[in-house]
There are 2 protein chains.
Amino acid sequence: MKRTAFFISDGTGITAETLGHTLLSQFGSIEFNQVTIPYVQSDELTREAVNRIDRAASEDGAKPVVFSTLVNDTHRQILHTCKGRVLDLFTAYQKPLEEELGVPANHKVGQSHAIRDQQAYRIRINAVHFALDNDDGARTRHYDQADLILVGVSRSGKTPTCLYLALQFGLFTANYPLTEDDFDDLRLPDALAPHRHKLFGLTINADRLSAIRSERKAGSRYASPRQCDMEVRALQALYNKFNIPHLDATELSIEEISTRILAMTGLQRRLQ
Amino acid sequence: MKRTAFFISDGTGITAETLGHTLLSQFGSIEFNQVTIPYVQSDELTREAVNRIDRAASEDGAKPVVFSTLVNDTHRQILHTCKGRVLDLFTAYQKPLEEELGVPANHKVGQSHAIRDQQAYRIRINAVHFALDNDDGARTRHYDQADLILVGVSRSGKTPTCLYLALQFGLFTANYPLTEDDFDDLRLPDALAPHRHKLFGLTINADRLSAIRSERKAGSRYASPRQCDMEVRALQALYNKFNIPHLDATELSIEEISTRILAMTGLQRRLQ
């Protein structure tokens, strides 16, 4: 049986999706067709959403599951007339929060991913540009401004992790690729040596590394299992020698790598 | 009165934070000290979290608000012994979902931001590298592979938006800076002309642009209100002439810009 999951929001839809994905990941056996309807900010748009839900209900022959973060009371009432099973964030939590905090919810729409203040916006943009300017060892002279310098072999996930740390947490993160040259004499590159306390290492399973590299340069020495295995071993030896905290990224998502780095280093995020 | 908000999770903590931020944004008058405790995957770690919550309760002289996405029943029971007000995602929604879907929740921890499959991981990484390789007009020969080409003046938010679209939705997005040369004769740059249907424009308020540019190059012509005003007007004329869909990014967060672009273009995300 096909099922449709709707994520309905007066803002970006990100909260409704995050909430919904987390809950649905607990029911892994069911496949959902996922539909996000963001910026539902009028009676009219809410009725359109209800129509889409009702159409899915009759096409699927099963109730859609509807995750909603609508805060407007009228819109919520309209939404609850649909033929889906509505799981509504504010119905569940608004009362206990108002009770606990002693003030009423303000019912302003589109608050959760709105620009908070220009200061936070700038931190974020600057962090992204820092990550780009200091990607892949391109420049090393700004390492004194870095919160963190991520190291690892080519294609072990350094760049996406740095960008995620910048976008999500406002951290200034550089990354530097360790190569054969560095492994030969088991020493830290000159650019890294003065910043040893900022280093964090990624490791990766050699077979997986070989598969990722093969996608990029099939049949190359660079992608060969032998080369990957050599690099991964030497990398581990380097981490051990210089006591560099590190993490095996093989089975982890970018979110998991990033949040584990925060937890392991105790780095304070610059954005909440 | 100081209040502490805790985000407790057996995984990254991202869902608990997203949920919590959305709910707390409805109570804008109260300042919260925010603490995320991720990877709470044992009785022991749960008890440690309870201790931290209880300490905050006595230090603040007010009940902390605790947003939890713990799925393990024992851990949830332990958490509920704390001196905070616990808002627990699974207590609120698990029953109605099990009822609706007709299967029990699997209670597996750390599911929501785990790597789903290697295919999705690769799409994401490739999208990030595409955004980097095609940032700021650096290369234009891969535009046939782009899902979207973001245009706008320098420092209007193109790069962070492309990276967000890559990380969050797996979209292949290039960006190209429009400059005075393009405005002089009001024509599209040669690199863009064949891809007109893929263009999306950002606009920005001239004063805000000037402020952002001043941070980078204070006192320069580039940052002057006059220059910014000229560029912003010419940009608008170009969008009008070529019918390029566009969006005023001045008051929007990266998340809002990105999700509005999806909504306006009808682009299908490559990642859920």
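Student: Where is the place of B:Thr22?

Tutor: Let's start there. In this predicted model, B:Thr22 sits in helix H1 of chain B, which covers residues 14–24.

Student: Which residues does B:Thr22 touch?

Tutor: Leaving aside residues up to four places away in sequence, B:Thr22 touches A:Thr15, A:Leu89, A:Phe90 and A:Ser112. With A:Thr15 there is also a polar contact between the side chains, at 2.6 Å.

Student: Good, now the wider view. How many residues of chain A and chain B are in contact?

Tutor: For an interface, begin with the residue counts and then turn to area. Here 80 residues of chain A meet 80 residues of chain B. Together the two chains bury about 7,800 Å², and 62% of that lies on carbon and sulfur atoms.

Student: What is the count of salt bridges between chain A and chain B?

Tutor: The count is 12. One example is A:Arg122 with B:Glu215, whose closest N and O atoms are 2.9 Å apart.

Student: Which element gives the largest share of the side of chain A that touches chain B?

Tutor: Helix H4 of chain A, residues 89–101, gives the largest share, with 11 residues. By class, that side of chain A holds 33 nonpolar, 26 polar and 21 charged residues.

Terms used
Residues are numbered from 1 along each chain as its sequence is written. Chains are lettered from A and ligands numbered from 1 in the order in which they are written. This is a predicted model: local features need pLDDT of at least 70, side-chain atom pairs count only at pLDDT 80 or more; totals for chains, interfaces and linings use all residues. Side-chain values use heavy atoms; hydrogens and water are left out. Contact means heavy atoms within 4.5 Å. Buried area is the accessible area (1.4 Å probe) that two parts lose on being put together, summed over both. A salt bridge is a side-chain nitrogen of Lys or Arg within 4 Å of a carboxyl oxygen of Asp or Glu. Helices (H or I, at least four residues) and strands (E, at least two) are DSSP runs, numbered from the N terminus. Ala, Val, Leu, Ile, Met, Phe, Trp, Tyr, Cys and Pro count as nonpolar, Asp, Glu, Lys and Arg as charged, and the others, Gly among them, as polar. A polar contact is a pair of N or O atoms within 3.5 Å; within protein, one must be able to donate a hydrogen and the other to accept it, and residues adjacent in sequence count only if both atoms are side-chain atoms.
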